[in-house]
Amino acid sequence: MGFPVSNGEQPLNFLIYGRTGWIGGLIGKLCQAQGIEFVYGSGRLENRASLEADIAEIKPSHVFNAAGVTGRPNVDWCESHKVETIRTNVVGTLTLADVCRDKGLVLINYATGCIFEFDEKHPLGSGIGFKEEDTPNFIGSFYSKTKAMVEDLLRNYENVCTLRVRMPISSDLSNPRNFITKITRYDKVVDIPNSMTILDELLPISIEMAKRNLTGIYNFTNPGVVSHNEILEMYREYIDPNFTWKNFTLEEQAKVIVAPRSNNELDATKLKNEFPELLSIKESLIKYVFEPNKKSGGA
């Protein structure tokens with residue numbers, strides 16, 4: 001059921017926030033490829049007047065929010081920059097949602113699924129994933145804490161489609177934000193099955209969700225889980241037959257990071273029901289990431 005939008009039969013014209021971000025940049029490229037009109041917003045999310053000016057000038061059919069603070073080089077940054085994190089992730093996101101609601105616009109909001117961790121009801125390896133209506137149980141990092149807060153508040157905005165992205169992966173293995181690229185460069189990695197998001201498959205789906213005016217929360221991950229070692233084994237098979245890596249435990253990892261990290265499985269049934277063609281995480285990894293990057297020396 002979609003939000004009763006004010007754009008009627010208006011041609012697609014997307015207003016996108018997050019031009020300099022990874023997902024924001026990819027959404028623009030997808031719009032170009034599909035012939036969809038789009039403009040990157042110049043307003044600051046926390047500045048309501050600037051957002052209203054963007055909407056008045058651009059007259060969008062839909063708004064996409066791919067802006068936000070994740071921290072550089074990682075979420076540990078947010079632990080020492082709490083006000084900056086709140087300003088964008090909470091105040092900014094809520095302001096944009098509120099302005100869009102006033103204007104009768106659907107907001108596609110790229111959020112995070114790193115607000116859960118395996119627990120007694122959702123044990124590691126059980127195949128029981130967290131659902132969209134479940135209450136976040138992971139606030140180990142300040143980043144996740146702000147994301148859980150804003151998701152809870154956004155539930156009250158019937159014009160918002162919240163997409164819980166996790167450990168995003170793309171076919172661009174040179175991108176330092178790519179989860180695969182990250183773990184191939186680490187000295188040591190943990191080995192825990194997790195839900196993940198293959199952007200090459202899922203970002204086009206998010207554009208289709210806008211076209212359908214879908215709202216509410218969606219676990220925006222491929223069905224199933226994959227572990228660090230399983231990904232690195234695929235990397236060795238398809239990309240670099242000489243690749244090696246070392247594992248360490250969560251306890252050992254805790255000594256070299258400031259904030260704990262989320263590990264979980266999200267239940268992607270709701271998204272799969274809307275998009276039955278959605279591939280499982282391991283199928284999607286092979287089709288969208290490893291096959292296109294396959295080296296002649298590999299499998």
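Reader: In which strand does Asn-13 lie?

Author: The model is a predicted one. In this model, the strand that spans residues 13-17 includes Asn-13. The element asked for is strand S1.

Reader: Is Asn-13 buried or exposed?

Author: Among the residues that Asn-13 touches are Phe-38, Ile-58 and Pro-60, leaving aside those up to four places away in sequence. The relative accessibility of Asn-13 is 14%. Buried means under 20%. Because its value is 14%, Asn-13 counts as buried.

Reader: How much space lies in the largest cavity?

Author: One cavity of 30 Å³ or more is held by the structure. The space in the largest cavity is about 30 Å³.

Reader: Which elements each supply at least two residues of the lining of the largest cavity?

Author: The lining includes Asn-89, Thr-93, Asn-109, Ala-111, Lys-147 and Val-150. By class, the lining has three nonpolar, four polar and one charged residues. The elements that each supply at least two residues are helix H4 (82-102), strand S4 (107-112) and helix H5 (142-154).

Reader: What span should helix H7 have, at 1.5 Å a residue?

Author: Helix H7 covers residues 199-211 and has 13 residues. The expected span is 1.5 Å times one less than the number of residues.

Reader: Which residue just after H7 takes a positive phi?

Author: Within H7, the buried residues include Leu-199, Leu-202, Ile-205 and Met-209. Just after this helix, a positive phi of about 55° is taken by Asn-213.

How values were computed. Residues numbered from 1 in each chain as written. Predicted model: local features only at pLDDT ≥ 70, side-chain atom pairs only at ≥ 80, totals over all residues. Heavy atoms only, no water. 1 Å grid on protein atoms, 1.4 Å probe; cavity = no way out; pocket = protein on both sides within 12 Å on 5 of 7 lines; lining within 4 Å. Points joined across faces, edges and corners; volume = space filled by probe spheres on them. Helix = DSSP H or I, 4+ residues; strand = E, 2+ residues; numbered from the N terminus. Nonpolar A, V, L, I, M, F, W, Y, C, P; charged D, E, K, R; others polar. Buried < 20%, exposed > 50% of the residue type's maximum accessible area, 1.4 Å probe, protein only. Contact = heavy atoms within 4.5 Å.
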